[in-house]
Structure formats: structure tokens, C-alpha cells
Amino acid sequence: IGSDEGGTRLNILDPVILQGGGLAVQRRLLRTVAETAMGAKLTPRQAKALALAHRRVLRLAEGQGRVPVLEDLVSQVGLVLPQETPDESAHARELLHEAGMEVRYVMEEAILEDLEGLFDGETSKHVQLQKRLTSVDISQLPEDGPAVALVMAVSNVWLMGMLRHQRGMRTSFIAEEGWHLVSGPSGELFRSNSKLSRGLGLSNVAAFHHPGDIPAGSPGEAMLKEAQTIHMFRQDRDEDIEATARMFGLAEGSRELLGSLPQGEHLLKIGTRRELHVRHVRSRTEVDLTNTDSAMLSTGEVPEQELKIA
């Protein structure tokens, strides 16, 4: 996925989301997108303006016999029709219009301009979540903007919608950069969806590189504590060791071990049971399949001694 002309597009208004979760789920995703773009919670008027535009664009697209896209929605945000707000005074409608235009301006710039080619169109035809494995490559997306968090949020809600629509399908949602799943508006959306995962046969797997960066007592920490299976690898920073030990109730000896674990070893904690010291034993084929070092070497090959490290 990349925000350019040749990248993959994800349609936030895709029928898969609507069929699986209904208006409420799709509207919550739209609100997450708007709040991520604005960097703040929507006010009640802004949220109502977005909801009005959502209902209207779905109705218009249905009448035209086509799939609505985000650009359709943005063009409707801020438009307040008297027949849609019969109980509002003229002054209240003007305030609603102004609130909606604030959302519209931000979404036009952040989503339709800065992230052009990512969400501004129908979902690319080659995107099929029904396959055995779907990999969403976000390496070309900027880390300092909303792109990564939004792609993860859209992918997660899309998958949840498909699982609601196709009951009995079991799968996993794996995120290599877990920080985006527990922070900001997209984190709130993911945490809410995670509570429904078990009933849908969905297992959530996420990697966190610096546990110490997650504020104590935050919703992000609460979500990590709910995990039933935790794999803890060596931590080099004291704050990361302390945060990991605190969140998962590690024994004193494990705290010391966490800072000196060699490559290929980790601590495994399942439920409330005491953590176990685990060593990975991989076959030559598994080593080759999981090798991510070759791209960093000029020869494109990993030396034999590196391949043998478990």
C-alpha cells in the first residue's frame, strides 16, 4: 500500500464493512478517520454533520446504483438540508453547517490530498481478504502521519465485517507495529473490536517494541494486560524492562533475565501461569523463510554462521 497513483486503495465506504457491521460500524470508522485527521475528538455538532453526510451519500449512491467512495462523503459534509433536520432552527442549522465545514476542510486536506491514492476511490480489485493469506505492506507509508494508523483501522474493521458476514471462518489479524493499534482514535476503535474477536473466531497478534513508551494506566496498557499469550524478548532499556514486568506480573528473576536474553530465546506467559524460558529451535527451511537480513547485505545472502543462530 502506498499513497501514490500506483498504490492499493481501500474504500472506507466498502459494502463489505456495511454488510458485516451495519451503519453503526461504518460510521464509527468514519469518525475515527475524521478524528485522526483532525487530531482531536469530534464535537457533538461535528459528529452529527458527519452522520448526516454518511446517510445521505449512501442513499444517493444506492439511487445511482454504484458504490460510494470517501470523496462523495466529504463533498456532503457541512450540507444541512431542512428536511433532514426538521426540529432544528435556522440558527442551529447554521451552527451545524459551520461545524461540518470544519470537518470537511480537514478531511479534504489530510485524506484526499496528503494521502492521495490511498482512500480516495473504490477498493482495488486485487484486494481479497477471503484468501488464505493477505499481507498489507505499509513500508512505503510515512510514519509521522495518520496513514499507518488509518490503514490498520480500515483493515481491521473490514476484516471484522467480513467475519460477521461469513460466520465460521477463523483467522488472525497480525500487526507488526502494535503501537498504532493502541494509540489515538484508531486505537480506541481496535480495542472496541478486540472485545468481539473471540465470538468471531479472530485472533489478534501484535508486536510492541518499546513497552515503556505506553503510559501507565492508559487504555493501551489495559489492552495489553488483556492478552492471553505474551512472548517477551530481550529488552535493552530499563524502562522497557520495568514496564513489561509491571504489566505482566513477572517474577524478580525474570526481570533480570529479560535484559540479558540471547537471540532466539524469550519468556512465554500464558494466562496467569508463571512465565517460561523458551528457546526457538528452527529447521534450515524455517530459517530461510524467516530471514529478513539479506536485503541489508550487498551480496543478498546471509552468511552461514548467521543462519545457524536460533
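Let's start at Arg 255, which is partly exposed, with a relative accessible area of 24% (buried means under 20%, exposed over 50%, partly exposed in between, with a 1.4 Å probe and protein chains only). This is a predicted model, where local features need pLDDT of at least 70, side-chain atom pairs count only at pLDDT 80 or more, and totals for chains, interfaces and linings use all residues. Residues are numbered from 1 along each chain as its sequence is written, and side-chain values use heavy atoms, leaving out hydrogens and water.

| Salt bridge | Closest N to O distance |
|---|---|
| Arg 255 and Glu 252 | 4.0 Å |
| Asp 72 and Arg 66 | 2.9 Å |

Arg 255 and Glu 252 both sit in helix H11, 3 residues apart, about one turn of the helix. Glu 252 is exposed, at 53% relative accessible area. Glu 242, by contrast, is partly exposed at 40%. A search of the whole structure finds 16 salt bridges.

Helix H2 (residues 44-64) has 21 residues and should span 30 Å, which agrees with its end C-alpha atoms being 30 Å apart; the expected span is 1.5 Å times one less than the number of residues. After H2 comes Gly 65, with a positive phi near 65°.

The chain holds 13 helices and 5 strands, taken as DSSP runs (helices H or I, at least four residues; strands E, at least two) numbered from the N terminus. Buried residues make up 43% of its 310 residues.

Key: Salt bridge = Lys/Arg side-chain N within 4 Å of Asp/Glu carboxyl O.
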